Amino acid sequence: MKIIVPMAGRGSRLRPHTLTIPKPLIPIAGKPIVHRLVEDITKVLKESVEEIAFIIHESFGKEVEKDLLAIAQKLGAKGTIYYQNEALGTAHAILCAKDSMQGPVVVAYADTLFRADFTLDQTADSVIWVKAVDDPAAFGVVQLNEKNEIIDFVEKPKEFISDLAIIGIYYFKSAENLRMELQYLLDNDIAKGGEYQLTDALENMKQKGLKFVPGKVEEWMDCGNKNVTVDTNNRMLNFLDKDGEQLVSKTVVIENATIIPPCYIGENVVLKNATIGPNVSVGNHSSIENATIKNSLIQTHAVIKNAALDNAMIGNHAVFNGKFTNVSIGDYSVLE
């Protein structure tokens, strides 16, 4: 099994945090989004993953590439880097990894997380991960027949067709078949607004009689902007706490401080005269003094003093000293 992860853009909705690192490498409960994504996919597949191919913009740099290859290595897989330097759509992005497209493959967009417990139907030609949502008009949805097979893909339906939203994770029994359909779109310039879309390839495959089935997830967590990313961090902490994971490092220095679970507290964090939690992640080597923090995501090497934070997101190496509450400051920022 192989996993292909398109993550070419840095993302503008999560600025200033994505000015220095791409969104998929922002940590949620102590691990980068993309790391948690491929880890959870591997658990659902219940089989070994031999290769993880990351599709990025070349401007991400060698340090980011090194981090991505390390993520693959931790999962026992070969890591491969491909480049998409022009935003030419989802189909084009996936096809950038065509040299890795052999055998069964999972395609997963790196700005979403999920929780699921289902058995992958490997008799199907494709499985599309979906989640029931309250407002299907805001999403691409799938329509099912009485056999629980997908018979239609509809983008943002104006009238109710289905409440099963496509979350951006797909299984294909034959990567070669997918590659052929994606190449067909590019060769015949089948594009919308200058972009080649995966949904057009899916439609072609369905018209040829390939069997599509849904893989229903229990939870779908977005990381699109600051507020939903903080909420995703909160939800993930609660899941991990229920799973019994050790979230507080043994190297944390606590001086007259209280941790209210669930919280992730990284290596060599110093907490002094502080109340942390619930639902707070604090990255490695951060220092927090005279502060009350809840429902917040704080990255590495941050210095926070005299703060009362709620629904906050603080970047790497940031310095915060003040009485602001609902804040979002990026890497190396200073707010005093």
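This is a predicted model: local features need pLDDT of at least 70, side-chain atom pairs count only at pLDDT 80 or more; totals for chains, interfaces and linings use all residues.
**Group meeting: a first look at the chain**

Let me begin with helix H5, residues 198–207, whose buried residues are Leu 198, Asp 200, Ala 201, Leu 202, Met 205 and Lys 206. Buried here means under 20% relative accessible area, exposed means over 50%, and partly exposed lies in between, with a 1.4 Å probe and protein chains only. Helices (H or I, at least four residues) and strands (E, at least two) are DSSP runs, numbered from the N terminus.

Residues are numbered from 1 along each chain as its sequence is written, and side-chain values use heavy atoms, with hydrogens and water left out.

What covers the buried residues of H5? The cover includes H3, helix H4 (175–187), and the strands E8 (126–132), E10 (150–155), E11 (164–172) and E12 (212–216). Contact, throughout this talk, means heavy atoms within 4.5 Å. After H5 comes Gly 209, which has a positive phi, near 95°.

I turn now to the chain as a whole. It holds six helices and 25 strands. Its radius of gyration is 21 Å, close to the 20 Å that the globule rule gives for 336 residues, so the chain is as compact as a globular protein of that length. That radius is taken over C-alpha atoms, and the globule rule is 2.2 Å times the number of residues to the power 0.38. Along the principal axes, the C-alpha atoms fill a box of roughly 65 × 40 × 35 Å.

Of the 336 residues, 51% count as buried. The accessible surface comes to about 14,800 Å², and carbon and sulfur atoms account for 48% of that surface; these areas come from the Shrake-Rupley method with a 1.4 Å probe. Among contacts between residues at least 6 apart in sequence, 54% join residues at least 24 apart.

Some individual residues now deserve attention. Pro 6 has its place in strand E1, residues 2–6. Is Pro 6 buried or exposed? Pro 6 counts as buried, because its relative accessibility is 9%. Beyond its neighbours within four places in sequence, Pro 6 is in contact with Ile 55, Ala 93, Ile 94, Val 107, Ala 108, Tyr 109 and Ala 110. Pro 261, by comparison, is 255 residues from Pro 6 in sequence and 34 Å from it in space, C-alpha to C-alpha.

Gln 84 lies in the loop between strand E5 (78–83) and helix H3 (90–95). With a relative accessibility of 6%, Gln 84 counts as buried. A polar atom of the Gln 84 side chain lies 3.4 Å from the backbone oxygen of Gly 89.

Ser 296 belongs to strand E20, residues 296–298. Its relative accessibility is 0%, so Ser 296 counts as buried. Setting aside residues up to four places away in sequence, Ser 296 touches several others, among them Val 230, Asn 233, Asn 279, Leu 309 and Asp 310.

Finally, Val 253 is found in strand E14, residues 253–255. How does Val 253 count, buried or partly exposed? Val 253 is partly exposed, because its relative accessible area is 35%. Not counting residues up to four places away in sequence, Val 253 touches Val 269, Val 270 and Leu 271. The C-alpha atoms of Val 253 and Ser 287 are separated by 9.4 Å, and these residues are 34 apart along the chain.

Conventions. A polar contact is a pair of N or O atoms within 3.5 Å; within protein, one must be able to donate a hydrogen and the other to accept it, and residues adjacent in sequence count only if both atoms are side-chain atoms.
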